[in-house]
Amino acid sequence: MPHIKQLDSHVADLIAAGEVVERPASVVKELLENAIDAGATAITVEIQKGGMAYIRVADNGCGIAPEELPTAFLRHATSKLRTAADLGAIGTLGFRGEALAAISAVSRMDVFTRQKGAAVGASLSLEGGVPGACSEAGCPEGTTMVVRDLFYNTPARLKFMKKDAAEASSVAAVVQHLSLSNPHISFQFIKDGGEVLHTPGDNQLSSAIYSALGRDFALELVPIDGTGDGIRVHGYVTKPIASRGTRGMQTFFVNGRYIKSQLLTAALEEAYKNQMMKGKFPGCVLHLELPMTQVDVNVHPAKTVVKFANERQVFSAVYHVVQDTLDRRETPAPATAPQPEPRSAAAPRQDFYQKMDAKTFREEAERREKQQRRAPAQTSFVTRIPPVDSELGGRATLHDVVQPRQTPAAATAPRRQTPLESLTASPAPAAKAETPVERLSTVSTAAPAPVPSPPPAPATPAAPAAAAAREPDLPEQTALPAGEVENQTTLLEERSTPWRFVGEVLRTYIIAEDGENMWLIDKHAAHERMNFDRLKANTEPIMGQQLLSAEAVKFSPEDYAVLLEQLPLLEQFGFEAEDFGGESLMIRAIPSEIDASQIRETLEMLAEKLRLSGTADPSAARDAMLHTMACKAAIKGGWVSDSAELRVLMEKVQSGEVRYCPHGRPVAVKLTRYELEKMFKRA
């Protein structure tokens, strides 16, 4: 057995640093939390090359005493805890005393600090966790931390770092979250010499949201404020109509600390139940304030996960406060709308020139096209039948009136059946021997008097030839050969489906009948699978469509980082996008499979799938892109669908070509006759 030895202090520091410092965003988070705990009202964050080369965090807080400066970089050295009892009521963001020691162990670090009212400050330099001499320095009040060459002495960490743009986006997310949790502090974020974020610090949460999350998102919010079971819930939530494609815009804070909580997410989305479309998610900036003894923040090294003493009360407080706010907002106003004045019949129409967007124009064009296709079928042919005593004579039949006249050349040529006729029409029966006289009795003539019928003659080979010589203008009616009739019958038997299309229920599920079974088919899932298989089998580049005007789309920092890293992948699938700064992409072209109104939603869904599947595998990234495009191009549950479309989907499922949607959900569910009768207590 190997001998047990105590690790070298430097190696132990490197291991401990791995628990706290994962990437530049981790460094910024720890330094910002220390600045906030120091009582700062203005904080500046500056990075270069994603934070790998340079990080500077400057604040105007209380500062550090010169004699205590070397102690601040020792492990478990902190000014925020004194006794074990303090762990039960932690009211500061940082408390472990590991941040500065961990950061200095994997970087080159410089510190400048001056206490309020002091005439001179102090400075300290560290390299690899080894401090130099502390000396006097001229600096402003507060503390400035400068971190250079992150992970210079741990090259194994460097290969796990992402591109500079992605790392910078993660740093921006940290600054964004802390600015939303501390609206009384003015945050300034500078990236590669350019200002990205600057909050006013006026103690107004709405101002911080406007600066950090953008104007479009801020205009979609509704303020909430309420208390339940001693828990205060306040902040902003989005209107139900302003739903998002992902949960990327949900932000939660507990006692000023940014956290990730499935409990709070479930409570929020439950409050929106029956007010939001399926597959959509609300956005929010929610603050929870509860006694510090009711929450444990010491359960995760990054302090982004907390544990509540009473989860039921927390869930109930968030659910009821959000639901009450939405219910009050949806209550209609009691005032009655004024009745419009009756318009005179002679008054000219005022809606000749109409304004509509591209989506409305396409829907209107499709509706008119469907009406035009249905128009011939809805017109009854009986209205075209002339009276019995018309110029056609009393011997005219229904067949004569409906069928158009044919020239002799067209009549003698065999007529080719269309594919639809070959599937729907029954096979032609064996033609009955028909005499020329019988043909004369069914063909209309223009003579004013009916043609007298001679007595029937015996069927001889010469009789048809003689009749043809006497009547050269009569169309020759020939039956299909026996072999062709057999082929048509075989084709009908092969293509006939044993499933009977019954209809559609809830505008989402197709109902089909198969002998003793009933099938329910999810039309969206089936169409999504068809689109995915078609896109995956296509080896040609996906066709893109140029937008009339480029559109700048703002994303959450996490989505922005993923999309920015995968810009080459987006180009392969028809997107033409470039970095616009401020967590925004400038979109100039989109795939032809999606609508222009679905740009933000499609890219948000794509970013979420890329985070879950991982961006290192090109095939996984391609499948995630195809999944998103197939979903957006598919018909949706709740849409009005034509019966012909539903029949095609039913046939694809019946043939076994479509079984599961790209996400693995079943497409069809079978209910047997026994199961149905058992439900009604008949079996």
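Here is a chat about how some labels on this predicted model come about.

Reader: What makes up the protein chain in terms of helices and strands, and how many of its residues are buried, as a percentage?

Author: The protein chain has 23 helices and 23 strands. Of its 683 residues, 38% are buried.

Reader: Why is Glu583 called buried?

Author: Its relative accessibility is 8%, and buried means under 20%, so Glu583 counts as buried. You'll find Glu583 in the loop between strand S21 (576-579) and strand S22 (584-591). Leaving out residues up to four places away in sequence, Glu583 touches Ala172, Gln176, Val196, Val553, Lys554, Phe555, Pro557 and Tyr560.

Reader: And Lys49, what makes that one exposed?

Author: Exposed means over 50%, and Lys49 has a relative accessible area of 53%, so Lys49 is exposed. Lys49 also sits in a loop, between strand S1 (42-48) and strand S2 (54-59). Its phi is near 55°, a positive value in a residue other than glycine.

Reader: Why does Asn255 count as partly exposed?

Author: The label covers what lies between under 20% and over 50%. Asn255 comes in at 33% relative accessibility, so partly exposed is the label. Asn255 is in the loop between strand S12 (250-254) and strand S13 (257-259), and phi of Asn255 is near 55°, a positive value in a residue other than glycine.

Reader: How do you know that Phe315 and Tyr319 are stacked?

Author: The structure holds three aromatic pairs. For Phe315 and Tyr319, the ring centres are 6.4 Å apart and the planes are at 15°. Rings pair if their centres lie within 6.5 Å, and planes under 30 degrees apart count as stacked. So the Phe315 and Tyr319 pair is stacked.

Reader: Where do Phe315 and Tyr319 lie?

Author: Both are in helix H9 (residues 311-330), four residues apart, about one turn of the helix. Phe315 is partly exposed, with a relative accessible area of 29%. Tyr319 has 19%, and the cut-off for buried is under 20%, so Tyr319 is buried.

Reader: What makes Asp110 and Arg148 a salt bridge?

Author: A salt bridge needs a side-chain nitrogen of Lys or Arg within 4 Å of a carboxyl oxygen of Asp or Glu. For Asp110 and Arg148, the closest N and O atoms are 2.6 Å apart, and they form a salt bridge. This pair links distant parts of the chain: Asp110 is in strand S3 (residues 108-114) and Arg148 in strand S7 (residues 142-148), 38 residues apart. Asp110 is buried at 18% relative accessible area, whereas Arg148 is partly exposed at 34%.

Reader: How do you know that Asp522 and Arg665 form a salt bridge too?

Author: Their N to O distance is 3.7 Å, and the limit is within 4 Å, so the pair qualifies. Asp522 lies in strand S19 (residues 517-522), and Arg665 in the loop between helix H22 (643-654) and strand S23 (668-672), 143 residues apart. With 13% relative accessibility, Asp522 counts as buried, while Arg665 is partly exposed with 38%.

Reader: Which residues does Thr508 touch, and is Thr508 buried or exposed?

Author: Not counting residues up to four places away in sequence, Thr508 touches Ile521, Asp522, Lys523, Gly637 and Gly638. Its relative accessible area is 16%, and buried means under 20%, so Thr508 is buried. Thr508 and Ile635 are 127 residues apart in sequence and 9.5 Å apart in space, C-alpha to C-alpha.

Reader: Which residues touch the most other members in the largest nonpolar core?

Author: Leu32, Ile43 and Phe73 do, out of 58 residues in that core. Apart from it lies another core, of 30 residues, including Leu547 and Met625.

Terms used: Residues numbered from 1 in each chain as written. Predicted model: local features only at pLDDT ≥ 70, side-chain atom pairs only at ≥ 80, totals over all residues. Heavy atoms only, no water. Helix = DSSP H or I, 4+ residues; strand = E, 2+ residues; numbered from the N terminus. Buried < 20%, exposed > 50% of the residue type's maximum accessible area, 1.4 Å probe, protein only. Contact = heavy atoms within 4.5 Å. Core = buried A, V, L, I, M, F, W, Y, C linked by side-chain atoms within 4.5 Å. Phe/Tyr/Trp six-rings, centres within 6.5 Å; stacked < 30°, edge-to-face > 60°.
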